[in-house]
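Please open the model in a viewer and keep the sequence panel at hand. The stops below are to be visited in order.

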Number of protein chains: 4
Amino acid sequence: MATLWRPKSSEPPPATTAKPKLSRQLRQVREQLGDCAREAGGQVTARTRAAGLGEAYRGLEANGKLEFLDLLAKEFGPNPKATAHAHAAYAESIGTPNEWKFEMDLREAVISPRSRILTQFNALPDGLKFLMDLRADLLRFQKDHADLAVLDQDLKAQLTSWFDVGFLTLERITWNSPAALLEKLIEYEAVHAIQSWGDLKNRLDSDRRCYAFFHPRMPLEPLIFVEIALTSQLSSNIESLLDEHAPVHCTEKADTAIFYSISSAQVGLRGVSLGNFLLKRVIEDLQRDLPRLKVFSTLSPMPRFRMWLDECLSGKLDHPLKVDDFKKLAAATGGRAGRPTLLRVLRDAAWSEDAVLAEALREPMTKLAAFYLLRVKKDTAPADPVARFHLGNGSRVERLNWLADRSAKGFAESYGMMVNYRYLPDDIEKNVESFTYEGRIAATSVIQRAAGM
Amino acid sequence: MATLWRPKSSEPPPATTAKPKLSRQLRQVREQLGDCAREAGGQVTARTRAAGLGEAYRGLEANGKLEFLDLLAKEFGPNPKATAHAHAAYAESIGTPNEWKFEMDLREAVISPRSRILTQFNALPDGLKFLMDLRADLLRFQKDHADLAVLDQDLKAQLTSWFDVGFLTLERITWNSPAALLEKLIEYEAVHAIQSWGDLKNRLDSDRRCYAFFHPRMPLEPLIFVEIALTSQLSSNIESLLDEHAPVHCTEKADTAIFYSISSAQVGLRGVSLGNFLLKRVIEDLQRDLPRLKVFSTLSPMPRFRMWLDECLSGKLDHPLKVDDFKKLAAATGGRAGRPTLLRVLRDAAWSEDAVLAEALREPMTKLAAFYLLRVKKDTAPADPVARFHLGNGSRVERLNWLADRSAKGFAESYGMMVNYRYLPDDIEKNVESFTYEGRIAATSVIQRAAGM
Amino acid sequence: MATLWRPKSSEPPPATTAKPKLSRQLRQVREQLGDCAREAGGQVTARTRAAGLGEAYRGLEANGKLEFLDLLAKEFGPNPKATAHAHAAYAESIGTPNEWKFEMDLREAVISPRSRILTQFNALPDGLKFLMDLRADLLRFQKDHADLAVLDQDLKAQLTSWFDVGFLTLERITWNSPAALLEKLIEYEAVHAIQSWGDLKNRLDSDRRCYAFFHPRMPLEPLIFVEIALTSQLSSNIESLLDEHAPVHCTEKADTAIFYSISSAQVGLRGVSLGNFLLKRVIEDLQRDLPRLKVFSTLSPMPRFRMWLDECLSGKLDHPLKVDDFKKLAAATGGRAGRPTLLRVLRDAAWSEDAVLAEALREPMTKLAAFYLLRVKKDTAPADPVARFHLGNGSRVERLNWLADRSAKGFAESYGMMVNYRYLPDDIEKNVESFTYEGRIAATSVIQRAAGM
Amino acid sequence: MATLWRPKSSEPPPATTAKPKLSRQLRQVREQLGDCAREAGGQVTARTRAAGLGEAYRGLEANGKLEFLDLLAKEFGPNPKATAHAHAAYAESIGTPNEWKFEMDLREAVISPRSRILTQFNALPDGLKFLMDLRADLLRFQKDHADLAVLDQDLKAQLTSWFDVGFLTLERITWNSPAALLEKLIEYEAVHAIQSWGDLKNRLDSDRRCYAFFHPRMPLEPLIFVEIALTSQLSSNIESLLDEHAPVHCTEKADTAIFYSISSAQVGLRGVSLGNFLLKRVIEDLQRDLPRLKVFSTLSPMPRFRMWLDECLSGKLDHPLKVDDFKKLAAATGGRAGRPTLLRVLRDAAWSEDAVLAEALREPMTKLAAFYLLRVKKDTAPADPVARFHLGNGSRVERLNWLADRSAKGFAESYGMMVNYRYLPDDIEKNVESFTYEGRIAATSVIQRAAGM
């Protein structure tokens, strides 16, 4: 193979070495990318060359990476002239018997050389991980360099094809799984951080389940994972689920599976939807293994409830409360029955320590939360991202849990409120359709009433 | 899920039942394909629907399948108006800072709905195999229905992406492999048919190797496989390699690996190149396992040598023989030293039983074969398909073996001539480049002289 | 390691080489066995030495093997003087507080050096198989050399410990199992010979099950295996079960599992009981996998029925028939209603082709068979070995099947009669106890009446 | 199955429940043990019964366990009368052709019923672990109840047979091993305690190796394991090996493997020698994987050096020092050149912080250590247990390392001295023999001189 512009060393360079920028070698990289695109020397050689480029990319510092990606985006797009030519021929052929030939030529013409190059990186020993990480870089750079989106489109298309759910395996993760894999759960858990190996072991105990999707080429790299508690009733409190010292439930008697954390592990797969397939298959697997399970439900955060509520209470937004709803609170505080009192109480962090106040808040907060979930929209879908995910997957809003999450994050996001989205296996498909086409949100009648519907 | 137009039964229908044609249900299939393309009811539902359509397709007889594919090809292409619109915007944007946006839109516009539908078939339990078999159908139908090529383009693109060599695993096949897998070798072997389980066991003996590429989702389905004999010299005869009663060589002492059969197992992957990667990785694996191996060579058929030779001797084509080359033959037959004598001898099958005649043919036939391999071209590449494959992979023409294959097939294809293509690991890349760019064929000097070069 | 008396070669010697006898090297072997027994040079060295001896044993011809085993049996027993000494001390200590010490010493004294040597052979790469084969040799030699039994006792004790059922894994064998394993089923099947790979594939079809016990160190070597057909009623005919062209049953609908063949694969494990554990675990596995199965039954041969019957009809033994039982037969043959007529008919092989005769035989033969199974004993157990096995395992005699096996072997053994032993999971333990302690044989009331009980 | 005296519950009893003593049920247990010994109701039933007894044993508190084991030891020994009878017949037969028969009978007679019962516990799902733990109990109880040794003899014989090295698999343990397994390394490490998961990960880094023996039925239960560092010279310091922040060595360049910790994980296997086989196989594996490795050496503690030295310096024991050896120390302390000065310095912990003093101690301490290793014996073997192990395995004393272990444990055991035992693959067997038969200790000439030899 022709020498690369940067020698591939069998050992990683010492961390202290300043990572090189690309500029000086730009001409050489451009040439080699061109050779990749043309598959000069045959496919086998092209892949080896691409692998070398990939190794080199890894050794670059941020500026160098940006230059590299920019080069790929700008100089390896489709040929406009050839495209124009192909389109003209296609447009003319519409309705003729040869239309199909020209459609083929046109599609061939708009495939970008950069797309071919990206494919070749799959030759790296950990090619998939490389491409996922490349995309993570790309997403970061796009904030300041919107025009990289064209490269992202090519890369995302490739990843979407390769991470098609049909290729993924659903695997149960247990304390018998490799430590190198479990370590990644600790790293990737996005909802309720894992504090230690002891905390992790508790989450993999006999009354728990943890499932992840894996790609067969990356057996130690979970793509998305869900943590589940087996209980004998709907959980209303996240702390008790995470308590390492709580007694272990008897799995045989459990009738409820609580999905209390779902984490996408790979930034580079953003937009490649896996979550809905994951839940469907996990529910199927649980039903087979533990036929006594009857209820499948989440215990979910409401990440933007407080943001909305604060704005709402400032008088800027509609809300469903009536004077009566404030009475208890007024009695408890000696204030007036209205929005300002509520706002004042909430602003003072001390309320959560005051059992009477906290209890007085339960009713109005529950109504506000129900209103928020069912009636506050962004375009036609729920404003809350977690609600959007679970309702779009066919669940219904089952129950609101006041002070279910007393962690700092819980208060910061939702004043401690959490919600159960319940999946009724027979209703899932129906719910997906009515949600997708009519924007209808499934909810119990209690929740609907609380939301003023 | 909405009911399919044809109920999915848990058991295959009895073989005697006439398979239905599609026409009557055409309207319903069209609707469901449309739902798939739009992902109506969400991705999960769309996949279930596609799986149903796939099962139904399987139940159709040939006419029905053709109608189905025709429908997919004709009615689920890109929208010409949207395409024209997108192209106009793109063409106008060339050179402006927003070019990238319009490139993205254009590419999005030419993606065909049928391509989305094909992806969804991956939801079938054996989705990949289904799509490979679908393509095999498509290739068969294309002979009479060229316009199906547009669907084939979409399908081949998808398969090329999914069967990227980076996802395939190279595995050694032994007598310890599953019988269900070995059975497929018997079925798929394309070069030297496997006669029985005893023949197969001989080909997997300790002085043999067999490797195949597999996709992780189809662990029992070899995609392409190669059979290898470990010997202590270049093999010049296929019969001795296939003889079940020949003594087993001592692997420790072998210095030569003879690749005597390479079979593509899947018609549906035609055009998805795997062979060159296979040989490269097999050679690497052999070098690691058996460091004493020095020579890597094929023992290959010349499938079109006789066809060319017969035409050539009829006076229609150039050939390299001079009068001297015929002398031995003339002496042996009492005929004149020239083309007609050669032609006459060859036409009479009895020559192969006559040792003197057969020996007299050796020299002229070897010259003709060398000429055929090195100088007879189709466009710029060798006319012989096996030569095209191995020379394109970087091997050189090493040796010609007269009467190396005395089977009926051997005589029918090449009057019994076989050739060794040798892979010299250090020359492979160089050979690929000069073959690809300059059309140069690597050969030993003996062969070059025989070809009159 | 000290040199062995016969060099260990990396390759097996050519089969034509005369295998050496031992005599000349006897002194050297004796010395090395002594070194093994004393573990001279440490355990690691002793094992290497034993492995060398084992390899050498394999290279011997029959006479040499006999000499080797004889040497081991005669010269490596316990020391009589030390034994006498230990026993005297033990006998004196009985009833004193130190009794335990002397029991330990005595037990130590009677352990034979040969037993230690046998253990060391486990160091061979395939040590377990070696020892099983060694025992097979030993069993063969014992016929003429009864005194080898003392070595056999030591070896059997070791094998019994190592093949404890707690170490064995029950595995299902399918068409996906390694060919090298399936090949052994063909070799070992002892009841109904497997004719071809096609026959084997049929026996592993979706309406069949095959299970075997394996030792973890010999994953390709089945120890004992059972073949099962899933049907919708009790099978009364072996030919239909073995017919490759019979339609495949729907597993989902099957309510009956017919165990139609159980084969011990290893002669060297004779007397190490595995069969009863096998059936118990297979039934458990089937119940879990296919909860619709209600009936678990064999379709078994009666290997000594004819032998007994011929003797019985010659007037030498009791039988249960009364004059009435012969009437039909008398009518069909025009002979007298009695034993001589029956004997005469059976002696003429032609009866089986004569439907009227065959039918006339049904009733008396069934009665005789029932009598044979339930009332003909050897000591206190049934005379029939298959009956002994299944009744000892807790089954009951369920049904007799006239002309269920029309093969030559079937007629030779039992005039074509077969029997179903049925395992009722809830009765197994009770049946084992009453069979073991009271010699009671469980049978349906029909069978009991037929046997005249 | 007959009801057990204590119901087997599917869940473990709560830890707070007082565990029952056995006395009250003694009669019932005795009966059931008797049934086990007689295999009442057949082998399958006997095993189920034994499993029940085993579960019950687990539920007992210490007193109950002692009673159980005592019962087994005392009441299930061989029958003295039958033994006497068998021995008399055997003694009489000596020299007759039937000697073998009576040897068989005698051996049968001394097999104890308790031995049969122990075998049956293998039917428990984790039978092997149960028996190992039972033996750990037994070893603990034996301190006060020496007569349990007779039961221990039976149990150890069984475990020795089952844990024969021929059945064990050598496996490399890495960070990819199951967490449930790695957790046990933390628990079992006996030489240099593992502080945390971070410490563990460091010990499994790319410049480390960890191997263990496993029994196939206990894949998560290491029996004995060794930790190895790959370095480019003989390590003289344990702290640097254990430092999590030390740089990772390049494995490719390493020429030395340091075995810095060997831990027997199972108390219940005491006396079942595995260590010597482990080292042999690990060295073979390393040689194959990393052919550049030339030196295989331990870095070992000297656990009883200080105990001996303190006694020696008190004037009670011989030692090798001459006046000259004390000179440096005398100069450094201003004391006299003799034993009392040395004793005084060592008694004051502060010396280790004083570089001059520490250096002055090097020479005399090294001589004392060499003398201790090579010349201080217990019976005919080295007094130091670690020396006994490694020298018995064929290593030689390679080097002494002053202040190689500055941990509290290091000072308490050996004033910080450590030793390298080096394994020269070609000398191992020779060393084992001369050590075993002549009591000769292999050592470098430097060490021999230091020991005054």
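At what angle do the axes of helix α1 and helix α6 of chain D cross? The model on display is a predicted one. To answer the question, select residues 26–38 of chain D, which form helix α1, together with residues 113–120, which form helix α6. The two axes come within 8 Å and cross at roughly 90°. Angles of 65 to 115 degrees count as roughly perpendicular, and α1(D) and α6(D) are therefore roughly perpendicular to each other.

Next, display the side chains at this crossing. On α1(D), the contact is made by D:L33, D:C36 and D:A37. On α6(D), D:P113, D:R116, D:I117 and D:Q120 take part. Sorted by class, the contact of these helices has 5 nonpolar residues, 1 polar residue and 1 charged residue.

**Second stop: a helix pair in chain C**

The crossing of α2(C) and α7(C) is left-handed.

Which residues make the contact between α2(C) and α7(C)? From α2(C), select C:G54, C:Y57 and C:R58; from α7(C), select C:F130, C:L134 and C:D137. This contact of α2(C) with α7(C) divides into 3 nonpolar, 1 polar and 2 charged residues.

Remain in chain C and move to residues 428–438, helix α19, where C:S434 is placed. Is C:S434 buried or exposed? Its relative accessible area is 12%. Buried means under 20%, so C:S434 is buried. Leaving aside residues up to four places away in sequence, C:S434 touches C:G439 and C:R440.

Now show chains B and C and hide the remainder. In general, two copies of a chain are related by a rotation about an axis and a shift along it. The same surface serves both copies, as 100% of the contact residues of chain B recur in chain C.

How values were computed: Residues are numbered from 1 along each chain as its sequence is written. Chains are lettered from A and ligands numbered from 1 in the order in which they are written. This is a predicted model: local features need pLDDT of at least 70, side-chain atom pairs count only at pLDDT 80 or more; totals for chains, interfaces and linings use all residues. Side-chain values use heavy atoms; hydrogens and water are left out. Contact means heavy atoms within 4.5 Å. Axes are lines fitted to C-alpha atoms, for helices over the stretch in contact, and angles run from 0 to 180 degrees between N-to-C directions. Helices (H or I, at least four residues) and strands (E, at least two) are DSSP runs, numbered from the N terminus. Angles under 35 degrees count as roughly parallel, over 145 as roughly antiparallel, 65 to 115 as roughly perpendicular and the rest as oblique. Ala, Val, Leu, Ile, Met, Phe, Trp, Tyr, Cys and Pro count as nonpolar, Asp, Glu, Lys and Arg as charged, and the others, Gly among them, as polar. Buried means under 20% relative accessible area, exposed over 50%, partly exposed in between (1.4 Å probe, protein chains only). A crossing is left-handed if the near helix is turned anticlockwise from the far one by less than a right angle, and right-handed if clockwise.
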